[in-house]
Amino acid sequence: MASLPTDFFHPVSGMEMPRFAGLPTFMRLPHVTLDDPIIDQVQLGLVGVPWDAGTTNRPGPRHGPRQLRDLSTMIRAGNPVTGINPFSMINCADLGDVAPNPVDIIDCMERISAFYADLKSRDIFALTVGGDHLVSLPVLRGLAGDAPVGLIQFDSHTDLFDSYFGGNKYTHGTPFRRAIEEGLVDPKRMVQIGIRGTAYNTEDVEWGQAQGVRIIRIEEFFDRGVSDVMREVREIVGDQPTYCTYDIDFVDPAFAPGTGTPEVGGPNSFQALQVVRELAGIQLVGADLVEVSPPFDTNGNTAWLGASILFEMLCVCAGAISRR
């Protein structure tokens, strides 16, 4: 195989190709397929999972990865706050989308799990773009099948319900109950930040607390502040393998209206970035951003915020990979 240019895994510069031109990939990175010989050089892959069959009300996150690719062309290489240029630290690529089955939930989850198990076997760190929050369950099945991981969840909902609509176990309101039951997540190393909104009942919260999940409601988040809350988050997950999942509805709908189940009274867009920066130093083994729903924000502002959050996550993940 011919040697690659030294800048092959770097984004295309807006000084070379205008941001409105060219094929949109995540952050203008090269698109590398799993059967490409170059795949062995990839350290972090951004993966789209365009699937929202777990949605119980407003569908649309299946279109999230495509819009996020488009809006992420606005991202530049350097983080002026942390001083990190992730593309100079590790080899990153857009690995494309997992091919979903939009009419069969079980089959689709098996497809997703197999894709991520393949990435794990290749030692490729996966940064996932959903899709609704049920996506996280098959991703965890692929990445955490050997031993349970810690979990940091930014969200306005716990997603710890047992079932919906007469016993259906697989919706975007149930993934982390299933993940705990299946031994994918250690509930005593799990923390949820930003929980709020009206409720059907208290089943989810009571069950989670009984398992040892730390649930931080939005009122506590604002009372204590980002730094203090995130200090506790780091203490809870410790120095063991941890997964991070970020539902865009963690953010107040004034800043991120394009999501399936918005809840008022949440963090602003600056705080949305700030909490991710506070993940630096955690032993992350994977991360995702989910529930961006373009049909509910045709201007793309939610996807632009999502792309900005993804970049902050990428910076933190690059640090985790470089410390291995």
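In which strand is D247 found? D247 belongs to strand β7, residues 242-247 (strands are DSSP runs of E with at least two residues, helices are runs of H or I with at least four, both numbered from the N terminus). The model is predicted: local features need pLDDT of at least 70 and side-chain atom pairs pLDDT 80 or more, while totals for chains, interfaces and linings use all residues. Residues are numbered from 1 along each chain as its sequence is written, and side-chain values use heavy atoms, without hydrogens and water.

**View 1. The annotated binding site.** An unreviewed UniProt entry lists H133, D155, H157, D159, D247 and D249 as "binding site"; such annotations may be inferred rather than shown by experiment. These residues span 117 residues in sequence, but no two of their C-alpha atoms are more than 12.3 Å apart, so they gather at one spot.

View 2. H133 sits in the loop between β3 (125-130) and α3 (136-143). H133 is buried, with 0% relative accessibility (buried means under 20% relative accessible area, 1.4 Å probe, protein chains only). Beyond four places in sequence, its contacts (heavy atoms within 4.5 Å) include Q153, H172, F176 and D288. The H133 side chain makes a polar contact of 2.7 Å with the side chain of T245 (a pair of N or O atoms within 3.5 Å; within protein, one able to donate a hydrogen and the other to accept it, and residues adjacent in sequence count only if both atoms are side-chain atoms).

**View 3. Surroundings of D247.** D247 is also buried, at 2% relative accessibility. Its side chain makes a polar contact of 3.3 Å with that of H133. Outside four places in sequence, D247 touches H133, F154, D155, T259, V290 and E291.

Note on methods. Buried means under 20% relative accessible area, exposed over 50%, partly exposed in between (1.4 Å probe, protein chains only).
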